[in-house]
Amino acid sequence: ARDEGYGTPDILLEYGFVEDIPQRWTISDEIEFDLDYKHEGSDELQLSWVSATVPSKAEVSSLQHNVNRLENLQISSLASSAAKVPEHELRVIQKYHSALLVALKHAIKEAQGNEGTIVNV
C-alpha cells in the first residue's frame with residue numbers, strides 16, 4: 001500500500017518515468033484517487049477515491065479548467081523549441097501529459113456521478 005499523498009507524479013520526480021496503471025493521483029489535499037483496471041486484461045479503468053470526500057462542484061470545475069488547459073498545451077512545440085528538449089525527455093513529458101489527462105477526466109466523470117467508463121489511451 002502506498003502512503004497517502006505519494007503517487008504517480010512523485011514516481012516521475014524521483015525515478016524519471018511515468019508508471020503504468022495502477023496509478024495514484026494526488027491533485028490537492030482534498031482530491032486523491034487511485035486508477036486501476038476494472039478487470040484484469042481489460043482497458044477499462046476504475047477510480048477509487050482515497051480522499052475522504054468526493055470533490056465539490058467548485059473542485060470539479062477546477063479539474064475541468066485544468067483539463068481544458070492541458071488539452072490546449074502544445075507539447076509537440078517543445079521538440080522544435082530553441083531549447084531542443086531531448087527526445088527521451090519529450091516522450092516522458094508526452095506520456096505524463098496523457099496519463100494526467102486520463103486521470104483528470106476520469107475523476108471529473110466519477111465525481112459527477114456518471115456511470116460511463118473511460119478507456120485508457
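Predicted model: local features only at pLDDT ≥ 70, side-chain atom pairs only at ≥ 80, totals over all residues.
Colleague: OK, so which class does Gly16 fall into?

Modeller: Gly16 has a relative accessibility of 42%, so it counts as partly exposed. Its place is in the loop between helix H1 (8-15) and S1.

Colleague: And what does Gly16 touch, leaving out residues up to four places away in sequence?

Modeller: With those neighbours left out, Gly16 touches Ile11 and Val92. Val92 lies 76 residues from Gly16 along the chain, and the C-alpha atoms of the two are separated by 8.0 Å.

Colleague: Switching to the sheet: in what order do the strands come?

Modeller: The open sheet is formed by 3 strands in the order S1-S2-S3, with antiparallel pairing, and S1 and S3 are the edge strands, each of them pairing on one side only. On average, neighbouring strands of this sheet are turned by 25° against each other, if direction is ignored.

Colleague: How many bridges hold each pair of strands?

Modeller: S1 and S2 are joined by 4 bridges, while 5 bridges join S2 to S3.

Colleague: Which strands does H4 touch?

Modeller: H4 packs on the sheet and touches S1, S2 and S3, and its direction makes about 70° with that of S3.

Colleague: What about aromatic pairs, how many are there?

Modeller: The count comes to 2 aromatic pairs. One of them is Trp25 with Tyr96, where the ring centres are 5.7 Å apart and the planes stand at 45°, so the pair is tilted. This pair links distant parts of the chain, since Trp25 is in strand S1 (residues 23-26) and Tyr96 is in helix H4 (residues 87-111), 71 residues apart.

Colleague: Is Trp25 buried or exposed?

Modeller: Trp25 counts as buried, because its relative accessibility is 1%.

Colleague: And why is the Phe33 and Trp49 pair called edge-to-face?

Modeller: The ring centres of Phe33 and Trp49 are 5.7 Å apart and their planes are at 75°, and planes over 60 degrees apart count as edge-to-face. This pair also links distant parts of the chain, with Phe33 in strand S2 (residues 32-37) and Trp49 in strand S3 (residues 45-49), 16 residues apart. Phe33 counts as buried at 0% relative accessibility, whereas Trp49 is partly exposed, with a relative accessible area of 22%.

Colleague: Last topic, helix H2: which residues in H2 are buried?

Modeller: Val60, Leu63, Val67 and Leu70 are buried in H2. They cover an arc of only 80° around the axis, which puts them on the same side of the helix H2. As a general point, an α-helix has 3.6 residues a turn, so residues three or four places apart point the same way.

Colleague: What do those buried residues of H2 pack against, and which exposed residues does the face turned away carry?

Modeller: The buried residues of H2 pack against H4, while the face turned away from the buried side carries the exposed residues Lys57, Ala58, His65 and Asn72.

Colleague: How far apart are the end C-alpha atoms of H2?

Modeller: They are 23 Å apart, which agrees with the 22 Å that the 16 residues of helix H2 (residues 57-72) should span at 1.5 Å a residue.

Methods: Residues numbered from 1 in each chain as written. Heavy atoms only, no water. Phe/Tyr/Trp six-rings, centres within 6.5 Å; stacked < 30°, edge-to-face > 60°. Helix = DSSP H or I, 4+ residues; strand = E, 2+ residues; numbered from the N terminus. Buried < 20%, exposed > 50% of the residue type's maximum accessible area, 1.4 Å probe, protein only. Expected span 1.5 Å × (residues − 1). Arc of directions from axis to C-beta. Contact = heavy atoms within 4.5 Å. Pairing = 2+ DSSP bridges. Axes fitted to C-alpha atoms, helices over the stretch in contact; angles between N-to-C directions.
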